[in-house]
Amino acid sequence: MTRRFLIIILAAVAGLLTVITPEVLMAEKPVSAVKPFQIRTLTVRVIDADRQPLADVRIYQNHIFFAERAEKHLLENSHHTTDARGIAVLEMKGKNVDLGLWVSKDKYCPLHAWWAPKYQTDGGQIPDEFTFELERGTSIGGLVKDEQGQPIAGVLVAVENITSITPLAMFDNTPRQPGVRPEPRHWLSEKEDVVTDADGRWRLNNVPADDQLQFHPRVREALPDAPELGLKLTHPDFSGDIRLGQLQRQQGITLESLRTQTATIVMQRR
């Protein structure tokens, strides 16, 4: 994702940022000999761990570019879905400034790929084809109750894979180097993806396995107490998290309790 958005995340997380570069599939074909301002296409293929095509995968495209003779960059956002062959063809215009692709499907670990010449030595080399391999996700969950122990329905539960944020997002002196593509997506759930039910229960099924939730050594050294997964709870009638991970840290919610889906968070009524 873009440098600006990562900086925003830094402020919101208030010191809980991390990094990971797991061994996920990178499949690129050489860049076509296209002119900087020529409209071109990028064929995205999505497969599973058995190299079988995955249909109905959601792809969000965020593209910042310069049009020919334009003085300011333009921004285009678009949504795509893979077909039965696991393919979606994306269109790109102008000279690339920043291209981000976010790929997700229920029960699979979401991924992200990013091309930005300002921050990557190969950021301007967008391939003709790029393949994402999605691993099967694992589950986490828990309960949300009020101070009387009664379940709270309708709580929005946002979950971020804190370990996925790279040193580039955290340290200004990180040297420019080739991009790692794809990478784990930061947000595993956001907006209204996960909501507690009438029993106050919530569940998420796209979480990487524990051996993939590993901090970059440099970031772990800087943030020794940061959790692997950060939660943010919101509800109109209850006081939620002002900062990502606030309630879970105050109440000692562990990754193990999230895995067993016994993690119980108490929210105070406003």
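Good morning. Strand 2 and strand 5, the latter covering residues 87-92, run antiparallel and are joined by six bridges. Please bear in mind throughout that this is a predicted model.

Let me stay with strand 2 for a moment. Its other pairing is with strand 8, residues 129-134, in the parallel sense, and again over six bridges. Val44 illustrates both pairings: it stands opposite Ala88 in strand 5, and it also stands opposite Phe130 in strand 8.

How many of the nine residues of strand 2 are buried? Seven of them are, so strand 2, which spans residues 40-48, is largely enclosed by the rest of the structure.

Phe130 brings me to the aromatic residues. Together with Trp115 and Phe132, Phe130 forms one aromatic cluster.

In total, the structure holds four aromatic pairs. One of them is formed by Tyr60 and Trp102, with 5.5 Å from centre to centre and 35° between the planes, and this pair is tilted. Tyr60 belongs to strand 3, residues 58-66, and Trp102 to strand 6, residues 95-104, so the pair ties together parts that are 42 residues apart in sequence.

Are these two partners buried or exposed? Trp102 counts as buried, because its relative accessibility of 10% falls under the 20% cut-off. Tyr60 has a relative accessibility of 26% and therefore counts as partly exposed.

To close, I would recall two points: strand 2 is paired with strand 5 and with strand 8, and the tilted pair of Tyr60 and Trp102 ties strand 3 to strand 6. Thank you.

Terms used
Residues are numbered from 1 along each chain as its sequence is written. This is a predicted model: local features need pLDDT of at least 70, side-chain atom pairs count only at pLDDT 80 or more; totals for chains, interfaces and linings use all residues. Side-chain values use heavy atoms; hydrogens and water are left out. Rings of Phe, Tyr and Trp (its six-membered ring) pair if their centres lie within 6.5 Å; planes under 30 degrees apart count as stacked, over 60 as edge-to-face and the rest as tilted. Helices (H or I, at least four residues) and strands (E, at least two) are DSSP runs, numbered from the N terminus. Buried means under 20% relative accessible area, exposed over 50%, partly exposed in between (1.4 Å probe, protein chains only). Two strands pair if DSSP finds at least two bridges between them.
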